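Here is a friendly look at how some side chains pair up in this structure. Keep the view open as you read.

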Amino acid sequence: MSIDLLKKEVINDLQKSGFPTEVEISNIIDKNGWMISVSLFEDTEESISREIDIHAMNIDYSFFKKVPKKVVEGNENKLISHLIIEVKKSEKGWVFFNNGQISWPWISPQNYKSLREDFHYLMIEDLKKLGLKKHRFENGKLHKSYHVSFSKPSQPSVIYESLIKTSKATKYFKRIFGTGKYVLHNFIPMIVLDGNLWSASLNKNGKVHLDQVDSLLVVHSELTTFRNRKLKLEEKEICEVVTKQEFNKYLKNIMSDNKEIYKAWTTFINQKQIKK
């Protein structure tokens, strides 16, 4: 086999693997001011190390002076955002049914880490009282059931595997990152799809209606272990699914929403200081 032919076959194989998409998404993240960080995580259920495609971080200090008390280094008022991304390429369309819930009244508590857990459970309406003007979850319909088009029932679900992987990676990074007094971590699990994304619904006659979309929200449940593995509780999580073509625009929307969360957080910690 000639070098040129071999090169062509290697390129074709890379295109099928989705690896070029991962590199493309990483470049977009980098250009928007995020830092690509360590992507290895520990799968505690199977006691092995795994790798999420992308773990990126962005640190916002812009409101650090808006806390009246001086604090030691590391405790400053800041928002540390984490993108936990699995990148998938599929020639078969991904279909999600919007049967999760009409709306999501809060940002999932699983997305946060701080020393003020009471902030994690605030409803979006409560956050608005703290200055939040908008958030993409507010009007987004939740999807729950899913299907890869033209796949056989016996085939493992790549969607399920991606949801579980982002969930496990999010839990791991949430566990290992420490927090200072006024530090808020915001973890954002996502799947970026190089392929067709569909939102499905049933009409009154039970017929399926399909809309091709650029992004959607998926709610799924995970069992979380408490008290030395003797108690397991079901917790609902949200994973955001976005197409490769939409990702750059969607990332800018995330960054805008993160700024709104940071404003609300800053108001919140100042109110708590006044009450003390």
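The charged end of Lys 259 lies over the ring of Phe 63, at 5.3 Å from the ring centre; a charge counts as over a ring if NZ of Lys or CZ of Arg is within 6 Å of the ring centre and within 35 degrees of the ring normal. Do bear in mind that this is a predicted model, where local features need pLDDT of at least 70, side-chain atom pairs count only at pLDDT 80 or more, and totals for chains, interfaces and linings use all residues. Residues are numbered from 1 along each chain as its sequence is written, and side-chain values use heavy atoms, with hydrogens and water left out.

Now to the salt bridges, of which there are 20. The term means a side-chain nitrogen of Lys or Arg within 4 Å of a carboxyl oxygen of Asp or Glu. Three of them are worth a look:

| Lys 244 | Glu 24 | 3.7 Å |

Glu 86 is buried at 2% relative accessibility, while Lys 165 is partly exposed at 22% (buried is under 20% relative accessible area, exposed over 50%, partly exposed in between, with a 1.4 Å probe and protein chains only). Arg 116 is partly exposed at 23%, and Asp 118 is partly exposed too, at 35%. Elsewhere, a network of salt bridges links Asp 43, Glu 45, Glu 46, Arg 50 and Lys 168.
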